[in-house]
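Colleague: I've just opened this one and could use a quick tour. Can we go through it together?

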Amino acid sequence: MLGVVILVMIFVTLGTQDKPFARLIEAVEKQVKLGNIKEEVIVQAGCTKYKTEEERIKIVDYMEMKEFNKKVEAARIIITHAGVGTIIQALEENKKIIAAARKKEYGEHVNNHQEQILENFENKGYIIALKNFEELDKALKKAENFEPKKFTSNNKYFVEKIEEKIEELLKK
């Protein structure tokens, strides 16, 4: 009888923005070198061009959605930019997420809106926010016992508000 193969790895995804986010890969690579990350690390780097000599870090530019979904499912921990789509997908898979905001001052985004996303998801107990990249080791330790709060979408609320607005506009 064939058993189920379970990958034990960390999946790092930097999103699909047209701006690099090397700071996050550098922080992960540092933790591999220090021995704080022992398993394989798979990175979807997007437009971030980064070379590593670490054998346990595999970097690809982009993945097909099917492959990306498999990596999310197989990962022990997801380390990601503070993109809503990635965070929600990982939460729906009940994954432990360490998220970091891309910042305008580093040329990683057009503004600093990801800081607000990071704060909102952290305050609700969904993620571990990585605000200081030098403290990724602490975030990794916290992830060991972290149980993300079960994600509940608030789409129903937004649909109700949109319907109310449409009805209001139609009455005019």
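Colleague: Let's start with strand 3. Which residue there is the bridge partner of Gln44?
Modeller: Val60 is the bridge partner of Gln44 in strand 3. Keep in mind that this is a predicted model.

Colleague: How many bridges join strand 2 to strand 3?
Modeller: Four. Strand 2 covers residues 40-44, and the two strands run parallel.

Colleague: And what is the strand order in the sheet?
Modeller: The order is 3-2-1-4-5-6. The sheet is open, has six strands and pairs in parallel.

Colleague: Which strands stand at the edges?
Modeller: Strand 3 (57-60) and strand 6 (128-129) do. Each has a single partner strand, so one side of each has no neighbour in the sheet.

Colleague: What does helix 1 touch on the sheet?
Modeller: Helix 1, residues 22-33, packs against strand 1 (9-13), strand 2, strand 3, strand 4 (75-81) and strand 5 (96-100). The direction of helix 1 makes about 145° with that of strand 4.

Colleague: What about helix 3, where does that lie?
Modeller: Helix 3, residues 84-92, lies across strand 1, strand 4 and strand 5. Helix 3 runs at about 165° to strand 4.

Colleague: Back to helix 1. Which residues in it are buried?
Modeller: Arg23, Leu24, Ile25, Ala27, Val28, Glu29, Gln31 and Val32.

Colleague: What covers them?
Modeller: The cover includes strand 1, strand 2, strand 3, strand 4 and strand 5. Helix 5 (136-145) is also part of the cover.

Colleague: What span should helix 1 have, and what does the model show?
Modeller: Twelve residues at 1.5 Å a residue should span 16 Å. The end C-alpha atoms of helix 1 are 16 Å apart, which agrees.

Colleague: What follows helix 1?
Modeller: Gly35 does, with a positive phi near 85°.

Colleague: Arg23 was on your buried list. Which rings does Arg23 lie over?
Modeller: The charged end of Arg23 sits over the ring of Tyr106, 4.1 Å from its centre. Arg23 also lies over the face of Phe133, at 4.1 Å from that ring centre.

Colleague: Switching to aromatics. How many aromatic pairs are there in the whole structure?
Modeller: A search finds four. One of them is Phe11 with Phe68, which is edge-to-face. The centres are 5.2 Å apart, with 70° between the planes.

Colleague: What parts does that pair tie together?
Modeller: Phe11 is in strand 1 and Phe68 is in helix 2 (residues 65-74), so the pair links parts that are 57 residues apart in sequence.

Colleague: Are those two buried or exposed?
Modeller: Phe11 is buried, at 0% relative accessible area. Phe68 is buried too, at 6%.

Colleague: Which other residues of helix 2 are buried?
Modeller: Besides Phe68, they are Lys71, Val72 and Ala74. What covers the buried residues of helix 2 includes strand 1, strand 2, strand 4 and helix 3.

Colleague: Which residues form the aromatic cluster?
Modeller: Phe121, Tyr126 and Phe151 form one cluster. Both Phe121 and Tyr126 are buried.

Colleague: Last one, Gln116. Where is it, and is it buried or exposed?
Modeller: Gln116 lies in helix 4, residues 113-123. Gln116 counts as exposed, at 54% relative accessibility.

Colleague: How far is Gln116 from Tyr126?
Modeller: Their C-alpha atoms are separated by 14 Å. Along the chain, Gln116 and Tyr126 are ten residues apart.

Note on methods:
Residues are numbered from 1 along each chain as its sequence is written. This is a predicted model: local features need pLDDT of at least 70, side-chain atom pairs count only at pLDDT 80 or more; totals for chains, interfaces and linings use all residues. Side-chain values use heavy atoms; hydrogens and water are left out. Two strands pair if DSSP finds at least two bridges between them. Contact means heavy atoms within 4.5 Å. Axes are lines fitted to C-alpha atoms, for helices over the stretch in contact, and angles run from 0 to 180 degrees between N-to-C directions. Buried means under 20% relative accessible area, exposed over 50%, partly exposed in between (1.4 Å probe, protein chains only). The expected span of a helix is 1.5 Å times one less than its number of residues. Rings of Phe, Tyr and Trp (its six-membered ring) pair if their centres lie within 6.5 Å; planes under 30 degrees apart count as stacked, over 60 as edge-to-face and the rest as tilted. A charge sits over a ring if NZ of Lys or CZ of Arg is within 6 Å of the ring centre and within 35 degrees of the ring normal.
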